[in-house]
Amino acid sequence: MSKPSDLVQGTLDLLLLKVIALEPLHGWAIAQRLKLVSGDVLQVSEGSLYPSLHKLEQEGWIKAEWKQTENNRRAKFYALTRLGRKQLESETANWQRLSTAISYVVQLSEA
């Protein structure tokens, strides 16, 4: 099975933007949502997750705010910005184009 490090370059950004677009979440909850929705196929380590979230925040695609979690712990909650929503639309369109092209190649019949 693929690991996040095996994903096409930039795919993690798309996945994180999509999960955060659904609702503001803290890092651990983002990783858990991604794991759950993908049927345990996609598991993002802290070493990949937090640098990616930091990069998305620097780009202005997400914003972070300290809040209390459901367990009464302080955590940074990440939310999509207007610029992030535009980036999500762009990355989704690029992903659809790329995945369609890859499907064409994978489905080639052997002679």
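Modeller: A charge is said to sit over a ring if NZ of Lys or CZ of Arg is within 6 Å of the ring centre and within 35 degrees of the ring normal. Here the charged end of Lys67 lies over the ring of Phe77, 5.7 Å from its centre. The model is a predicted one, in which local features need pLDDT of at least 70 and side-chain atom pairs count only at pLDDT 80 or more, while totals for chains, interfaces and linings use all residues. Residues are numbered from 1 along each chain as its sequence is written, and side-chain values use heavy atoms, with hydrogens and water left out.

Biologist: What pattern does the chain follow along the sequence?

Modeller: Helices (H or I, at least four residues) and strands (E, at least two) are DSSP runs, numbered from the N terminus. The chain has four helices and three strands, in the pattern α-β-α-α-β-β-α.

Biologist: In what order do the three strands of the open sheet lie?

Modeller: Two strands pair if DSSP finds at least two bridges between them. The order in this open sheet is β1-β3-β2, and the pairing is antiparallel. β1 (25–26) and β2 (62–68) are at the edges with a single partner strand each, so one side of each has no neighbour in the sheet.

Biologist: How many bridges join β2 to β3?

Modeller: Seven bridges join these antiparallel strands; in one of them, Gln68 is partnered by Arg74 of β3. β2 and β3 form a hairpin with five residues between them, and Asn72 in the turn has a positive phi of about 60°. On β1, two bridges make the antiparallel pairing with β3 (residues 74–80), and His26 stands opposite Phe77 in β3.

Biologist: How are two packed helices described?

Modeller: They are described by the angle between their axes and the distance between the axes. Axes are lines fitted to C-alpha atoms, for helices over the stretch in contact, and angles run from 0 to 180 degrees between N-to-C directions. The axes of α2 (residues 27–37) and α3 (residues 46–59) come within 11 Å and cross at roughly 115°. The two helices are therefore roughly perpendicular, a term for angles of 65 to 115 degrees. Contact, meaning heavy atoms within 4.5 Å, is made by Gly27, Trp28, Ile30 and Ala31 of α2 and by Leu49, Tyr50 and Leu53 of α3.

Biologist: Which strands does helix α1 lie across?

Modeller: Helix α1 (residues 11–22) lies across β1, β2 and β3, and runs at about 100° to β3.

Technical notes: Angles under 35 degrees count as roughly parallel, over 145 as roughly antiparallel, 65 to 115 as roughly perpendicular and the rest as oblique.
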